[in-house]
Each structure stands twice: as structure tokens, then as C-alpha cells.
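Student: I have a protein model open. How do I start reading it?
Tutor: Let us look at it together.

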Amino acid sequence: MTRDLEARDELPDWAGAKEFYQKYDPKEIIGRGVSSTVRRCIHRETGRQYAVKIIEVTPERMSPEQLQEVRLSTAKELEILHQVSHHPSIITLIDSYESSTFIFLVFDLMKRGELFDYLTEKVTLSEKETRCIMRSLLEAVSYLHANNIVHRDLKPENILMDDCLNIKLSDFGFSCVLKHPEKLRELCGTPGYLAPEILKCSMDETHPGYGKEVDLWACGVIMFTLLAGSPPFWHRRQMLMLRMIMDGRFQFSSPEWDDRSVTVKDLISRLLTVSPENRLSADQSLQHAFFQSHQRDEGSSIAPYYRFRIAAWAALACVRILVRWRRARPITSELLTRDPYGVKGVRRLIDACAFRIYGHWVKKGERQNRAALFQNQPKALLLTMGEDEEREGDM
């Protein structure tokens, strides 16, 4: 090990990165970005595991202007992370190192990976899981806004999970400090999560600009996606999708939303409000009935009268479940052949199998997302089937 370090000292770039390699042992790649790679690494003294984001800033891959932009944005991201990383729902920056060609950022290791991957595995989440995730996310957003910071790139890919399914917000590359009454005009973020005012601002020079409210719009999109399995605004033609966003056109369509509560639909509708002045803030969202009705005070006791009522309601529920079970329509081969997607359990199984088979089609970029797997094209399907039949006839 000592000989390796002495040999590397002769390289011009090694001097800046030597401290990182002396302290950490990088392992396998666990993620990739446009100009960065994320690896698992081990602290040599303690054996603790972390994640290191290695940003390449070489003239071979970038122009001088791009290099300068990456270094400036990374410096801004580091400044913001040092300010907010002690929050329990925000990723913690452990160490940072810089050389002439690489920047090393060491973070907590979130072993479960991205919320995007967890959602792809589960297809849709329950209201209970969604409540837990969204409460942590909104608390992080509330903390950022209280410190005059707007994230501007909230999406499932930037939300990381640990083994206990606790989340931490990451990727502050587009974040910036925004004090009242300042406004922003820069077009940045991911298309499916952009707020209407960002799009309008980019098209109208007289537009006053946008503020922290854009993060709450993105929270609404994330919440909708967790519960439905697909985003509220999506179209194969991007211009039509952007028009849907600016008009705020989305639907709680069947069957995905048939079993969802009125309160969760109300919260999403208040977050996906086109007018930023009428959109809920992070603090107001946390006070919504969707969260308050399931909040329990620590150490609170239940009176005997309420215990009796709970037991009575539980017994009544058991009786109703038994009666409905006896009256339930049996799932026969004829029913499955006629309408397999009409049975909720079978529908979830079909969706899960579809994602396992065709998951490699789903890209995390700007042009395609999870909703692409659910876009039906009957005419195209019939034409394809007709072509297959002709080929079989020719054979």
C-alpha cells in the first residue's frame, strides 16, 4: 500500500486526491450520473461504509466553460449541504476532496437506493407508506424553505432510502438561496416535475418569475406517482405534456384511484394547483387531514370507554368481513379469461410482471418514464397482430 501511494505521488493529479484514497477504500459502482459516478467506499480506520460521488472535471470530456460551470455548481452545492445536512431527512455530507480532475463527495450510504427503484419494484405504494415518505419529504422541504433554500429538482430519483425505508433528500445541484421577495427565472429541473410558473416564465419575458412554491408542485407530482404508479402529467409528445402541466390537467382515473381516500386526493389537488399563491406550503401540507388524522402523541393513553368502542368496532368489522367473504364472487378461469385486469390482486401481479420483463425500457431521462408501459395503442396493436397473421399464412 505504501509503495502504491509513493508511486502515485509522482502523478500530477494524485496530490489533490491522495487524502481521499488514504482515508477511504472505493469499491463497486452503485450509481451513475451525467458527469459523475457513485461508488460504495469503506473508511479504512473504522470499516464504516459510505457512498462517494466522484465528479470528473477533465478537459477531455468538457469544454473550459463546462468545467467552470461544474466547479461553480459543485461549490454552491457544497455550501448548501454544509448548511442543511444535519437534518434527519436530508443526506449528510461526510467529507469532500478536490483535485485538478476529480471532485470527491462522501455521503451517508443509503443501502436501499433510490425511491424510484423501490417504486418500480412495488409498482404502487399504500397510503400508509406514502404518508410516511411524504411526511419526511415535506419536513425536509419545510426546513429548506425556512433557510431560504429552494431545491428545484425534487423527484423519486433524488430521494434515497435506507434498509428501514427511511428517506433522505439528495442532489442539491440545482438548489439555490432565495430570499424574499427575490424571484428566479432560470429554466431547470426535470420536465415531468416542472411547475407551471417555471414553464410560463421561460416563455414570457414579462413573467415575474417563480419562487419556493415550485418544490411543493413537485411534491404533489411525487405523491400522485407513489399512489398511482404513473405520473399525473405525461404524454409521448413533450409539447402536449407541457401544455397539460401549464393547464393543471390531471385525473384520478379508475381503477388506480378507486380505493384511495378523499383526503389524499384533496391534498394532491391542493399541491397541484396552477396558481402558486393558492398552492399549499410545506407547513400547511403537514397540517392537512391526511397527516393529522393518523398522528399519535407519544405516551398518550386510551380511556376505557374508547377501548370498548374500538373493540366493538373491531368485532363488527370482523363480522362484515366474514359476510362479504361468503358473498364474494369466486375467481374462476372464465372470469380471468374475460377480464383479468378487473381483479385487483391479479391486476397488481400483471403490473409487477410487466415491470420485471420490460423494466429495461423505462429510462430515467427526459423523454420516457414509468407511464410509457401503460400507454395503450389498440390500433397499432391490431395492425401488428394482422402483420403477424399474414406472415404465418405466407409460411
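Predicted model: local features only at pLDDT ≥ 70, side-chain atom pairs only at ≥ 80, totals over all residues.

Student: Why does Lys168 count as buried?
Tutor: Buried means under 20% relative accessible area. Lys168 has 18%, so Lys168 falls in that class. Asp108 is also buried, at 18%.

Student: With which residue does Asp108 form a salt bridge?
Tutor: With Lys168; the closest N and O atoms are 3.1 Å apart. Asp108 sits in strand β5 and Lys168 in strand β9, so the pair ties together parts 60 residues apart in sequence.

Student: How many salt bridges are found in the whole structure?
Tutor: The search finds 13. One of them joins Lys23 and Asp95, with the closest N and O atoms 3.0 Å apart. Lys23 lies in helix α2 and Asp95 in strand β4, so this pair ties together parts 72 residues apart in sequence.

Student: Are Lys23 and Asp95 buried or partly exposed?
Tutor: Lys23 is partly exposed, at 31%. Asp95 is buried, at 18%.

Student: What about nonpolar residues?
Tutor: In soluble globular proteins, nonpolar side chains tend to be buried together. Here the largest nonpolar core has 77 residues. Helix α7 gives the most to this core, with 12 residues.

Student: Which residues have the most contacts inside the largest core?
Tutor: Leu137, Phe172 and Ile268. Leaving aside neighbours within four places in sequence, Leu137 touches residues including Leu154, Ile167 and Cys219. Apart from this core lies another, of 10 residues, among them Cys41 and Tyr97.

Definitions and conventions:
Residues numbered from 1 in each chain as written. Heavy atoms only, no water. Core = buried A, V, L, I, M, F, W, Y, C linked by side-chain atoms within 4.5 Å. Buried < 20%, exposed > 50% of the residue type's maximum accessible area, 1.4 Å probe, protein only. Helix = DSSP H or I, 4+ residues; strand = E, 2+ residues; numbered from the N terminus. Contact = heavy atoms within 4.5 Å. Salt bridge = Lys/Arg side-chain N within 4 Å of Asp/Glu carboxyl O.
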